[in-house]
Amino acid sequence: MVITIGRAGDNDFVVNDPHVSRYHARLLRDEEGCLFLEDMASTSGTFVNGSQIAKKKVSLTDTIWFGEEYKLELSEVLKAGNDYSEDFAQLKEIYDKYIEQKVKIQSSNQFKTRLFQTLPFAFIGVIGVLISTLGKGSTVLFGISLFVTICVPTIGIYLGAKQSAKIPRQLQDLANQFKIDYVCPKCGTFLGEIPWESLSNRKQCPVSSCKAKWVKD
């Protein structure tokens, strides 16, 4: 990959700045994916992290200036070559986090639902044992036990149903945010729930009007 940078209109990345030469520099990527910035005998020079260079290996964290007036954003230059590999790589964390949160919501809510629905019956069993042991013949304790037997399961079923009802809403909120975040970094097309690894094998966006490069050549 070679991207020419300069003021002339036939450059791959055109810089509309009088302090930049017509053909100022070019960005190259080797077979191992490393980036190199090469000055093309510019008038004001090319500087990386404060030092003037002829050719130097660079990364997105480097500070690059053409002369003393124009700061070059390397990420923008890469996009001029339709290269969105750096942005696409960040989608892996978004996908992994989505799956993790989805599983967490489902398992957590299922556990709470079952707890609310089964714990009251265990509580009734304990009350029954106590009454049979301590309260034989007691009308008051019999009335209490009858109340507990009727009301506690009802409350448990209600709480369980209420907890269960939260699941669709939580999953929908999670999915809505996922649809915003898990998109092609260039055209913004939602990528569905396709695993990131499967998308990376495609190497580029399938939208014909986009074709953004997701993986470095």
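Which residues of the largest nonpolar core touch the most other members? I opened the notebook with that. The model is predicted: local features need pLDDT of at least 70, side-chain atom pairs count only at pLDDT 80 or more, and totals for chains, interfaces and linings use all residues. Residues are numbered from 1 along each chain as its sequence is written, and side-chain values use heavy atoms, with hydrogens and water left out.

**Entry 1: the cores**

I looked up the core members. Ile5 and Leu27 touch the most other members of the largest nonpolar core, which has 19 residues. I took a nonpolar core as a set of buried Ala, Val, Leu, Ile, Met, Phe, Trp, Tyr and Cys residues joined through side-chain atoms within 4.5 Å. Buried means under 20% relative accessible area, exposed over 50%, partly exposed in between (1.4 Å probe, protein chains only).

Strand E1 (2-6), E3, strand E4 (35-39), strand E8 (64-66), strand E9 (70-72) and H1 each supply at least two of its residues. H1 gives the largest share, three residues. Helices (H or I, at least four residues) and strands (E, at least two) are DSSP runs, numbered from the N terminus.

I then listed the contacts of Leu27, with contact meaning heavy atoms within 4.5 Å. Leucine 27 touches, among others, Met1, Ile5, Leu35, Leu37, Val58, Leu74 and Leu78, leaving out residues up to four places away in sequence. Another core, of 17 residues, lies apart from the largest one; Tyr84, Leu91, Leu174 and Phe178 are among its members.

**Entry 2: strands around E4**

I followed E4 residue by residue. Leu35, Leu37 and Asp39 point to one face and are buried.

I turned to the partners of E4. Two strands pair if DSSP finds at least two bridges between them. E3 and E4 run antiparallel, joined by five bridges. In this pairing alanine 25 stands opposite aspartate 39. The two strands form a hairpin with five residues between them, and glycine 33 in the turn has a positive phi of about 90°. E4 also pairs with strand E7 (residues 55-58), antiparallel, over four bridges. There phenylalanine 36 stands opposite lysine 57.

**Entry 3: salt bridges**

How many salt bridges does the structure hold? I found six. A salt bridge here is a side-chain nitrogen of Lys or Arg within 4 Å of a carboxyl oxygen of Asp or Glu.

Aspartate 83 and arginine 29 meet at 2.3 Å, N to O. Aspartate 83 sits in the loop between helix H1 (74-80) and helix H2 (85-89) and arginine 29 in strand E3 (residues 25-29), so the pair ties together parts 54 residues apart in sequence. Both residues are buried.

Lysine 102 bridges to glutamate 193, with the closest N and O atoms 3.5 Å apart. Lysine 102 is in helix H3 (residues 91-134) and glutamate 193 in the loop between helix H4 (139-181) and helix H5 (196-202), 91 residues apart. Lysine 102 is partly exposed at 24%, and glutamate 193 is partly exposed at 43%.

Aspartate 173 and arginine 169 meet at 3.3 Å, N to O. Both lie in helix H4, four residues apart, about one turn of the helix. Aspartate 173 is partly exposed at 41%, whereas arginine 169 is exposed at 58%.

Last, I noted a network of salt bridges that links Lys92, Asp96 and Glu197.
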